[in-house]
Each structure stands twice: as structure tokens, then as C-alpha cells.
Amino acid sequence: MSYHVNEKGYYGQFGGAFIPEMLYPNVEELRQNYLKIMAEPDFKKDFDKLLKEYVGRPTPLYFAKRLSKKYNTKIYLKREDLCHTGAHKINNTIGQILMAKRLKKTRIIAETGAGQHGVATATVCALAGLECIVYMGEIDIARQAPNVARMKMLGAEVRPAISGSRTLKDATNEAIRDWINNPVDTHYIIGSAVGPHPYPDMVARFQSVVSEETKWQLKEAEGRENPDYVVACVGGGSNAAGAYYHYLNEPNVKLIAVEAAGKGIYTGESAATSVLGKEGVIHGSKTLLMQTNDGQITEPYSISAGLDYPGVGPMHAHLYETKRAEFISVTDDEAMTAGLELSQLEGIIPAIETSHALAIFEDKKFKPEDVVVISLSGRGDKDLNTYIDYFKL
Ligand SMILES: *Cc1c(COP(=O)(O)O)cnc(C)c1O
């Protein structure tokens with residue numbers, strides 16, 4: 001069984017490139033070149049250097065002593081929250097900006113929901129001196145004002161998507177439209193392990209530095225490279241892809257994917273794609289997707305903007321289908337409680353996305369000798385107002 005993409009761009013039955021004819025040249029150019037470019041020693045050197053000196057890698061693998069004591073197992077946190085800009089997303093945007101430069105692109109477009117990927121993209125565009133246009137739903141622009149300000153400060157243009165529900169999926173449609181109209185000079189930086197092949201694989205490879213580091217860090221800490229469990233929250237699936245990557249073919253390492261159940265899986269306000277999703281096509285790939293009986297995409301809901309997505313990347317759909325990963329869904333309330341708990345037990349305020357991964361310990365029991373690595377995907381500064389409102393702090 002392979003958990004990696006095959007040469008046709010599929011993970012089992014999921015993946016592929018379902019794109020309009022007019023997008024074909026752009027995606028094909030990327031597909032033909034991405035592996036070659038990533039394998040160039042110069043590319044690797046530039047990527048590694050920026051990850052070290054600009055992003056601040058390697059990020060620590062921190063043994064969470066008090067949290068471990070509470071749940072009577074050994075919990076390590078992979079501290080992606082300490083990356084520049086506060087989350088794992090920058091690992092991917094650094095890789096893609098270098099890719100865009102190698103492909104001689106001069107203009108970058110991106111979509112963003114909560115604004116985290118928009119900020120990570122605007123950041124690397126400033127770094128590389130490239131023009132940056134970020135599409136964002138009009139509703140999201142209003143509710144994520146601090147991130148809009150950050151993008152502008154970094155020199156990006158934020159263009160509102162004013163059609164449909166005026167949120168992430170509409171911003172994505174606008175970005176695709178832009179790419180069709182600007183096929184030669186523009187690279188589209190997708191922010192998660194989603195989209196047409198080769199995006200999910202390319203994003204997973206850029207994020208794989210997370211599990212590459214975890215291996216040697218755990219060897220130092222525990223005398224072995226492999227933990228018993230790797231746990232990550234899943235929106236589109238990029239932090240999970242990075243945390244799992246070098247463990248995919250290690251059957252002794254159990255993988256846990258945590259989705260947002262919102263107000264409860266069956267309340268109609270949820271983003272638990274593995275339970276509620278059926279096979280369908282979204283953003284250019286065949287995957288599991290929340291939809292009505294006649295195939296209309298259902299509006300997802302989660303208190304966390306980064307998990308508020310109606311699909312999951314094709315790699316994760318395959319991990320679900322083959323049972324390689326166990327999928328657990330966590331409600332808003334459970335996540336918020338876990339976020340407060342980590343803050344007060346370890347002095348680390350996590351992003352609300354990440355809090356979902358931390359919430360599994362209430363229900364799932366581990367053995368005292370188990371080593372559990374959690375992808376601490378981001379820090380909670382951006383979510384402070386949500387925490388404040390929720391806990392009436
Ligand atoms: C965007 C985001 C996520 C969800 O995206 P994935 O691609 O599934 O990783 C999770 N955590 C944080 C902190 C984020 O910013």
C-alpha cells in the first residue's frame with residue numbers, strides 16, 4: 001500500500017487534476033517541473049537556509065511535562081507555533097515562492113479565509129520582492145481585520161470576493177479566474193494540501209520538514225525515531241501531511257487526524273468531513289467533501305477559521321479510506337477547553353485549530369509508556385478575541 005501520490009496524481013481513488021481547460025498549461029508547467037526543481041541542490045540549499053535563518057527552524061520538540069502527567073502518557077509538542085508568522089503555513093509559502101522564482105514568475109496570487117495563509121504569502125512576497133494579490137471573501141475581510149492590515153502592511157493587495165457566500169470558497173474561485181487570465185507571469189500559491197495535482201504533493205513535501213525534524217529530535221529525547229502516535233488537526237491537511245510524512249510507511253506509528261465537529265457532527269453546523277463527506281470534486285481534486293444529495297457543497301462551520309473547510313485534501317481522504325489514520329472529531333467547546341488547559345498547564349496559548357488536536361485526551365486513552373507527538377500547528381494570538389469572548393476573560 002502506498003500513501004504517497006502516484007505518477008497520475010492520485011492517492012488511491014482520490015486526487016487528480018479536475019481543472020478547466022484554460023488552466024491546463026499553468027498546472028501542467030508546474031507538474032512537469034516541481035520534482036526536478038525541488039531536487040536541484042541549489043533549490044534545496046536556498047530552502048533550507050531560509051527555513052533556518054528566516055523561519056527559525058528547526059522548531060523545538062518540547063516534552064510537555066505537566067500535560068503528560070495529567071493524562072498519564074508522554075506528550076511531545078512539535079512547536080510550529082514558533083515559526084515566523086506564527087504557524088506552519090510559512091514552510092509551504094517559502095517553498096512555493098522559491099518555486100515561482102525558478103519558474104520565472106513575477107506575480108503571485110493566493111486565496112485566504114482567516115487570513116493566515118494570506119499573511120504567510122504576503123510575507124514571502126515581500127521577502128522575494130514579488131507582486132502579491134490575495135483574494136479574500138468580503139465577509140472574511142470584515143471579520144479578520146488584523147490579518148487584512150498585516151497583508152497591506154507587507155505590501156500585498158487584498159481583493160474582495162463579492163460573489164456567493166463571500167467566504168473562502170468564493171475567494172478560491174476568484175483566484176482561479178485570475179490565474180486563467182494571467183497564465184504566463186503568475187504563480188498561484190495554494191495554502192493547504194488541496195487543489196489539483198501536483199499541489200497536494202508539493203505542499204506535503206514542503207511541510208515534510210516537520211516530521212524530518214521530529215525523527216532526530218525524538219531520537220535524542222527518547223532514543224528512538226518513531227513515536228507511538230502522531231496527532232494533528234486537519235483543515236485541508238497541510239500540517240498533518242507534514243507531521244505524518246516520514247511516518248506514513250511506518251506501520252507502528254499510529255496516525256490520528258482531528259477534525260472540527262463544530263457544534264456537533266449532526267447539528268448542521270460542523271466541518272467533520274470524514275464522517276459527513278462523500279466523494280466529490282472540490283478545487284480541482286477528487287476527494288471527500290460535504291455536499292447535499294444533489295452534489296451542492298454544504299457550508300461548513302467551525303469556531304476555528306482554519307478548519308472551516310467543506311473538504312479534506314486527497315491524501316487524507318485516502319488515509320481515511322484505507323484506515324491508515326484514525327479520524328476523530330472534536331466540538332468547538334471541547335477545543336476551547338483544551339486550548340485553555342494547554343495555556344494554564346504549559347504556558348503556551350495555541351491557535352484554536354491546534355486546540356482541536358489537544359482535545360483528544362479527554363476521550364482517547366493512551367498507555368503511560370506511549371509517546372504521543374502533537375503537531376502544535378500555530379499560536380493563539382490571532383484567536384485571542386475568540387478566547388476572550390468564549391471564556392468571558
Ligand atoms: C490554516 C491552519 C490550520 C489548518 O490547515 P491545514 O492545512 O489542515 O494544516 C491548522 N492550524 C493552524 C494554526 C492554521 O493556521
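Predicted model: local features only at pLDDT ≥ 70, side-chain atom pairs only at ≥ 80, totals over all residues.
A residue counts as near a molecule or strand if one of its heavy atoms lies within 4 Å of it. Residues are numbered from 1 along each chain as its sequence is written, and side-chain values use heavy atoms, with hydrogens and water left out.

Around the ligand there are 16 residues, and those that come nearest are Lys 89, Ser 192, Gly 235, Gly 237 and Ser 238. Next, polar contacts, meaning pairs of N or O atoms within 3.5 Å. A polar backbone atom of Gly 235 is 2.7 Å from an oxygen atom of the ligand. For Gly 236, a backbone N or O atom lies 3.2 Å from a ligand oxygen. Ser 238 uses a polar side-chain atom, 2.7 Å from an oxygen atom of the ligand. On its own the ligand has 380 Å² of accessible area (Shrake-Rupley method, 1.4 Å probe), and the protein covers 96% of that.

Now the sheet. Strands are DSSP runs of E, at least two residues, numbered from the N terminus, and two of them pair if DSSP finds at least two bridges between them. Four strands form an open sheet, ordered S7-S6-S5-S8, with parallel pairing. Its edge strands, S7 (157-161) and S8 (186-188), each pair on one side only. S6 (residues 131-137) is joined to S7 by five bridges. The bridge partner of Val 134 is Val 158 in S7.

Key
Polar contact = N/O pair within 3.5 Å; in protein donor to acceptor, adjacent residues only side chain to side chain.
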